[in-house]
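Me: Hi! I have a model open and would like to talk through how some of its pieces pack. Can you help me read it?

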Amino acid sequence: MDRKGHKRLVAMASERRASDLTEEKEDVHRNPTEVKMSQIVLPCHANHCGELSVGQLLKWMDSTACLSAERHAGCSCVTASVDDIHFEHTIGVGQVVNITAKVNRAFTSSMEVGIVARCEDLFSDRQWKVCRAFATFVARRTEAGKVQLKQVIPHTQEEQMEYSLAAERRRMRLIHAEIINDLLSSSSTQAAGECLEFDDAMPAERTRVESVELVLPPHANHQVSTFGGQIMAWMENVATIAASRLCNSHPTLRTIDMFHFRGPSHIGDRLVLKAIVNNAFKKSMEVGVCAEAYQGGEPLRHINSAFMTFEVLGSDKKPRTLPRIRPEPVDGKRRYQEAIARKKIRLDRKYIISCKHTEVPLSVPWDPSNQMYLSYNNASALKMMAARNNWVLSSEKKKVSLFTLEENQMLCFKVETHVDVPAEQVFLLLSDLRRRQEWDRHYNDPYLIALRSVTLPTHPPTEDFTRGEVLCAGFVIEEESNHVAKITYYNQATPGVLPYISNDIAGLSSSFYSTFLSCSQFLEKNKDNLSSDSPSAL
């Protein structure tokens, strides 16, 4: 081959390689709502310890999330609420903060934006997660009227999972206040909230802080409204001062509870910020913060309230024991008791929802106050199981397919079939646990057996029996057409359950298939005569 021919072949190979790279880049999906922000931490962003101020971090997170929301909505958006934020690590001067935000799901005029903040050390090339948050943004009205948001179309497995879980998180936000009120009204909380008198306790009044901020143009966004992140930063500042007055030291902010913005603030507003320590537990304290606004002689407008949990770290970086607090009469005692209720819910959420599955005990103690979070946990775990794409077909009989998945010493299986019954009717029939005995002979007592293992006072663990835990179980019902639904039953269990189902998994028994066929027959038999008192979707 001559030199020219060789050059032509090399050029053609290079063109093909460039084309392949272009196609590979096109295959990599980039969420159209994703926005990234990177900031290097300078001394002006840091506190006395040389660490990034949480208030500054909140401002950056809010700005990034707002840009993501507006990219999806195509119009101006405002922060409506922010879910619990737990700060896992601090960030030092000279390190880089990388913030990513993207819209998980859009509803009518609101949307959930997921935010992840990571720290990058430029010298060691290491990165680690600092915190994760979910914020709700609302699209502002335009001249044409109320905005109807377009739906988010998930493309990846992760996006599909977050899209599905966003609906569960929204349901929790809507009933958050109810859970607090129910817990406060319970006798156990009232008994636990009795204020004990201690001679060395510090009066809560000494921790009270009040500060006024004038909203100037640098504090506002392009809509001439005060940045939600700026308000959060001011609130964090007064809360830190209140916490410092109790411990006579520099506290570290660990969590911010879920909060809602009650109304907007604008340039020219005087923002009144008030903070006080509501309760001091052994190694943490809760500080309540309120933000109100006014202009001229008008009455105060309630903008926001938040509850922040602080710790004081010793030289060993472990939380120190805190002084006791003595609440003021009436309102102080109310706040004292409410802080106990919020701590209970905070622990439930962290215990059941926030922790990794490997950190959560297999059997979770059931309590009326954590029932909602158990429900969320099971629904989210079920959706995450359904989103996995590495299921292995184990066997198939009479249009019933059995799939298995093994990971982390846990066995998951799913059973799948199709029935000529509309999906809505399938849901109504299968969610009525009173009728499950009609098709499942293994389901002996629908009033005691849960779809996720919990510890009941009436059925404590005993040494004579090997305890098996169902970590997650339930049905996923998908509409194939107006008259056909696909039913998939998922189950994730500990090794203690394996001896009871090993024959089915190995294909040596037809118990699963007969139960599922019986379920199909039950659905088709009852699709036209649903009882009026059947449960409906929440």
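Me: Which strands does helix α6 lie across?
Reply: Helix α6 (residues 228-247) lies across β8, β9, β11 (270-280), β12 (285-294) and β13 (301-311). It runs at about 40° to β11. Helices (H or I, at least four residues) and strands (E, at least two) are DSSP runs, numbered from the N terminus. This is a predicted model, where local features need pLDDT of at least 70 and side-chain atom pairs count only at pLDDT 80 or more, while totals for chains, interfaces and linings use all residues. Residues are numbered from 1 along each chain as its sequence is written, and side-chain values use heavy atoms, with hydrogens and water left out.

Me: Thanks! What is the strand order in the open sheet of 6 strands?
Reply: The order is β3-β9-β13-β12-β11-β8, with antiparallel pairing. Two strands pair if DSSP finds at least two bridges between them. The edge strands, β3 (85-86) and β8 (209-214), each pair on one side only.

Me: How many bridges join β3 to β9?
Reply: There are 2 bridges between β3 and strand β9 (residues 252-256), and the two strands run antiparallel. Ile-85 has Ile-256 in β9 as its bridge partner.

Me: Back to α6. How do the axes of α2 and α6 cross?
Reply: The axes of helix α2 (residues 54-73) and α6 come within 8 Å and cross at roughly 165°. Axes are lines fitted to C-alpha atoms, for helices over the stretch in contact, and angles run from 0 to 180 degrees between N-to-C directions. The two helices are therefore roughly antiparallel to each other (under 35 degrees counts as roughly parallel, over 145 as roughly antiparallel, 65 to 115 as roughly perpendicular and the rest as oblique).

Me: And which residues meet there?
Reply: From α2, Val-54, Gly-55, Leu-58, Lys-59 and Asp-62 meet Gly-228, Gly-229, Gln-230, Met-232, Ala-233 and Glu-236 of α6. Contact means heavy atoms within 4.5 Å.

Me: Is Gly-229 buried or exposed?
Reply: Gly-229 counts as buried, at 1% relative accessibility (buried means under 20% relative accessible area, exposed over 50%, partly exposed in between, with a 1.4 Å probe and protein chains only). Leaving out residues up to four places away in sequence, Gly-229 touches Gly-55, Leu-58, Lys-59 and Asp-62.

Me: New topic: what about α9 and α11?
Reply: The axes of α9 (residues 423-430) and α11 (residues 511-526) come within 10 Å and cross at roughly 110°. That makes α9 roughly perpendicular to α11.
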